[in-house]
Amino acid sequence: QFTGIEVVKKTRSSKPNPPGHLTRTQIPRYNGSQPANRTGGSPVSKKIPFDDPQVLLGVRILYIVTNIIIAGVYLYLQNKINAKKDLTTLKYVEPAPMGSADEPKLITTTVHSYDLQQVRALWKSQLMGVGMMGVMHLYFKYTNPLLIQSIIPLKGAFEGNLVKIHLFGQPAIGDLKRPWKAAGGLMGMGGQGEPKADKKSIEQAERAGSGGVKEE
């Protein structure tokens, strides 16, 4: 919302401004007293009539359905991992979090424990997203994020390494070879570097005495 156009004092210029010209002091200013657009400013949101109760209900249902699908996928992964119970030893060096003075830590675990830990991380991330979305929509009355968060998390869930291995049956080689790089925290910040599983890095960590066992 705008407060209007300010009155401009006469200047000494002998040449009048052309019609429709605004000087710097004539530019409309935002006073911040009105709430922002609750539907967001993306091109998609401008085309969707969120003010229509039927449309809003449909988007809410879509958001709930996608989260049910994601929850079903994660439950399937958890059951699949427990059914395989792959006890193959997995050893790697976990880098310290960014900005931390801690030393990299040697992790000795199993494929089963590692995959379960990854599933728990997925659950945590999804629940945090649902919680934030609930606050944004129910308290701050934002509607556009409902549509975005009905698409992006579902797409990300089916692009995850665990889904590719346990749901799509892809072999755990190449980019799917464990361990995987830890995802970043909120807004992609506070994450970790690339874990190292090469023999040299593991030997260095063992000599440094930074060993450890990751529990389930």
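Helices and strands here are DSSP runs, helices of at least four residues and strands of at least two, numbered from the N terminus. On that basis, this predicted model has elements that run α-α-β-β-α-α-α-α from the N terminus on. The chain holds 6 helices and 2 strands. It has 216 residues, and buried residues make up 26% of them. Now take the contacts in the chain with a separation of 6 or more. Residues 24 or more positions apart account for 65% of these.

Start with helix H2, residues 53-84, and helix H3, residues 111-139. Two packed helices are described by the angle between their axes and the distance between the axes. For H2 and H3, the axes come within 9 Å and cross at roughly 165°. An angle over 145 degrees counts as roughly antiparallel, so H2 is roughly antiparallel to H3. The crossing of H2 past H3 is left-handed.

Which residues in H2 meet H3? The H2 side includes Leu-56, Arg-60, Tyr-63, Asn-67, Ile-70, Tyr-74, Leu-77 and Ile-81. On the H3 side, the residues include His-112, Asp-115, Leu-116, Val-119, Trp-123, Gln-126, Met-133 and His-137. By class, the residues of this contact between H2 and H3 divide into 14 nonpolar, 7 polar and 2 charged.

Aromatic rings come next. The structure holds 4 aromatic pairs. One of them joins Tyr-74 and Trp-123. The ring centres of Tyr-74 and Trp-123 are 5.6 Å apart, and the planes are at 75°. That geometry is edge-to-face. Tyr-74 sits in helix H2 and Trp-123 in helix H3, so to speak of sequence distance, they are 49 residues apart and the pair links distant parts of the chain. Is Tyr-74 buried or exposed? Tyr-74 is buried, because its relative accessible area is 5% and the cut-off for buried is under 20%. Trp-123, at 21% relative accessibility, counts as partly exposed. Elsewhere, ring pairs link Tyr-92, Tyr-114 and Trp-180 into a cluster.

Helix H3 also packs against helix H4. The axes of H3 and H4 are 11 Å apart, at an angle of about 170°. H3 and H4 are therefore roughly antiparallel to each other. Their crossing is left-handed. From H3, the residues Gln-126, Met-133, Met-136 and His-137 meet H4. From H4, the partners are Pro-145, Leu-146, Gln-149 and Pro-153. This contact of H3 with H4 has 5 nonpolar and 3 polar residues, and no charged ones. Gln-126, Met-133 and His-137 of H3 meet residues of H2 and also residues of H4.

Now the backbone in the loops. Lys-85 lies in the loop between H2 and strand E1, residues 89-94. Phi of Lys-85 is near 45°, a positive value in a residue other than glycine. Lys-85 counts as partly exposed, at 46% relative accessibility. Lys-141 is found in the loop between H3 and helix H4, residues 144-158. Lys-141 is not a glycine, yet has a positive phi of about 65°. At 52% relative accessibility, Lys-141 counts as exposed.

Where is Pro-179 found? Pro-179 is in the loop between helix H5, residues 161-167, and helix H6, residues 199-208. The peptide bond from Arg-178 to Pro-179 is cis, with omega near 0°.

Conventions
Residues numbered from 1 in each chain as written. Predicted model: local features only at pLDDT ≥ 70, side-chain atom pairs only at ≥ 80, totals over all residues. Heavy atoms only, no water. Axes fitted to C-alpha atoms, helices over the stretch in contact; angles between N-to-C directions. Parallel < 35°, antiparallel > 145°, perpendicular 65-115°, else oblique. Left-handed = near helix turned anticlockwise from the far one by under 90°. Contact = heavy atoms within 4.5 Å. Nonpolar A, V, L, I, M, F, W, Y, C, P; charged D, E, K, R; others polar. Phe/Tyr/Trp six-rings, centres within 6.5 Å; stacked < 30°, edge-to-face > 60°. Buried < 20%, exposed > 50% of the residue type's maximum accessible area, 1.4 Å probe, protein only.
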